[in-house]
Amino acid sequence: MTALITTPGFVDAHIHPDKTTWGSGWLSRTPAQSLTDLIGNDLRAQLSLQDSVEDRAYALMSQAVLNGTMAMRAHVDVAPQIGLKNIHGVRAAAERLAPFLNVQVVAFPQFGLLSNPGTLELMEAALTEGADLVGGIDPESVDGDLHGHLDAIFALANRHGRDLDIHLHDVGAEGLAQLRVIAGRTVAEGMQGRVTIGHGFALCDASQPAIGATLEALADAGIWMATCALGADPVPDLDLVESHGVKVALGSDGVRDAWSPFGTGSMMDRAHLLGYRTGASTDDELERCFRLATTAGAELLGSAVVKGFSGPTSLDRLEFAANSIPELVVDRPAPLRVIRRGEAITLKA
Ligand SMILES: [Zn+2]
């Protein structure tokens, strides 16, 4: 017989609601051989979409809410090609969902920072028009200037008292070397505990000789890793990463956008995918996937609503038909009810 279990809400630590086509027509994708191809496809797709950022973001974010997400960190593109309309659109969608969802917005230089002139000025403007954090992207391979990129984003973060969340796709020894530079910079700037690395694919290759030293440098700097368990991309060895003291949270990344047709905005699905991709089989391993999708993300985002969960009578909770958390992660059902402030939520489309 199946029991009713209650859990804390989900936290999506890394999602891109401004790029999604959720709720719109189908987008057919163009083949891509490289990160540069993917970024080019993304910009072309965004410029061709007819539905507004707010409408598309609202469609995806409300889907996330109905599936139990109570807080999310949204990376939102900023570039001269699109101005600040993505920031304004995601912030407007977030305001409509404010009773149910806490949204942190990262100003994200998807199309390059120094290599895309005008972006840095717009990033600064974004921080007074709805963005909460400063983002970064592959300082070396996308922007071509590791130290220049870090100088710019750390200065922006310091000037406005904001945290940093940096996408780093680069792999191998070069990716690890960049991570150690970021860790050193984080300590030098006194920003321990306030920097996150998104993806960090270099950290997923346990055969690299410098993996241990790099994880230790990240742990010393209090740097978080946001991982997304994406299709063909590498996933971290969670035992290895956590044994060095690096904290990990889980996110969706892009959902039904130019990068990927996959994703649902459900963190239940994402916890399942993390378990599947990392070969989780013991209860501890499956429960860890659930923790990364809930309380770990809540620690990263400072989500009091999720951190405050205390059991079946919590005013903010999820209810599922399942016998245990490990079973939940394997079966990935939708919540029976999402309870906020003691009441089951309903949303208008
Ligand atoms: Zn991302």
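## Annotated span

Residues 56–308 are 44% helix and 15% strand. The end C-alpha atoms of this span lie 31 Å apart. The UniProt record, an unreviewed entry, annotates residues 56–308 as "domain: Amidohydrolase". The model is predicted.

## Zinc site

Four residues coordinate the zinc ion. His 14, His 16 and His 167 each contribute NE2, and Asp 253 contributes OD. In sequence, the donor residues follow the spacing H-x1-H-x150-H-x85-D. Distant parts of the chain are linked here: His 14 sits in strand β2 (residues 10–15), while Asp 253 sits in the loop between β9 (248–250) and α9 (267–277). These two residues are 239 residues apart.

The arrangement is irregular, because the 4 donor atoms subtend angles of 89 to 164° around the zinc ion. Four donors count as tetrahedral only if all angles lie between 85 and 135 degrees. His 14 has 0% relative accessibility, so His 14 counts as buried. Asp 253, at 12% relative accessibility, also counts as buried; the cut-off is under 20%.

## The loop between β9 and α9

Ser 260 lies in the loop between β9 and α9. A polar atom of the Ser 260 side chain is 2.9 Å from the backbone nitrogen of Phe 262. Beyond residues up to four places away in sequence, Ser 260 touches Arg 29 and Val 255.

## Nonpolar cores

The largest nonpolar core has 95 residues. Met 61 and Ile 87 have the most contacts inside this core. Setting aside neighbours within four places in sequence, Ile 87 is in contact with several residues, including Val 76, Val 78, Val 105, Ala 107, Ala 126 and Ala 131. Asp 77, Glu 129 and Gly 130 are also among the contacts of Ile 87.

Another core lies apart from the largest one. This other core has 7 residues, among them Leu 43, Ala 79, Ile 82 and Phe 108.

## Val 103 in strand β4

Strand β4 (residues 102–108) contains Val 103. Is Val 103 buried or exposed? Its relative accessible area is 8%, so Val 103 is buried.

Val 103 and Ala 74 are 29 residues apart in sequence, and their C-alpha atoms are 6.9 Å apart in space. Ala 74 is also a contact of Val 103. With neighbours within four places in sequence left aside, the contacts of Val 103 also include Met 61, Met 72, Arg 91, Ala 94 and Asp 132. Met 61 is one of the residues with the most contacts inside the largest nonpolar core.

Conventions: Residues numbered from 1 in each chain as written. Predicted model: local features only at pLDDT ≥ 70, side-chain atom pairs only at ≥ 80, totals over all residues. Heavy atoms only, no water. Donors = N, O, S within 2.8 Å, 3.2 Å for Na, K, Ca; no water. Tetrahedral: all angles 85-135°; square planar, octahedral: opposite > 155°, others 65-115°. Helix = DSSP H or I, 4+ residues; strand = E, 2+ residues; numbered from the N terminus. Buried < 20%, exposed > 50% of the residue type's maximum accessible area, 1.4 Å probe, protein only. UniProt positions renumbered as here; feature names shortened; annotations may be inferred. Polar contact = N/O pair within 3.5 Å; in protein donor to acceptor, adjacent residues only side chain to side chain. Contact = heavy atoms within 4.5 Å. Core = buried A, V, L, I, M, F, W, Y, C linked by side-chain atoms within 4.5 Å.
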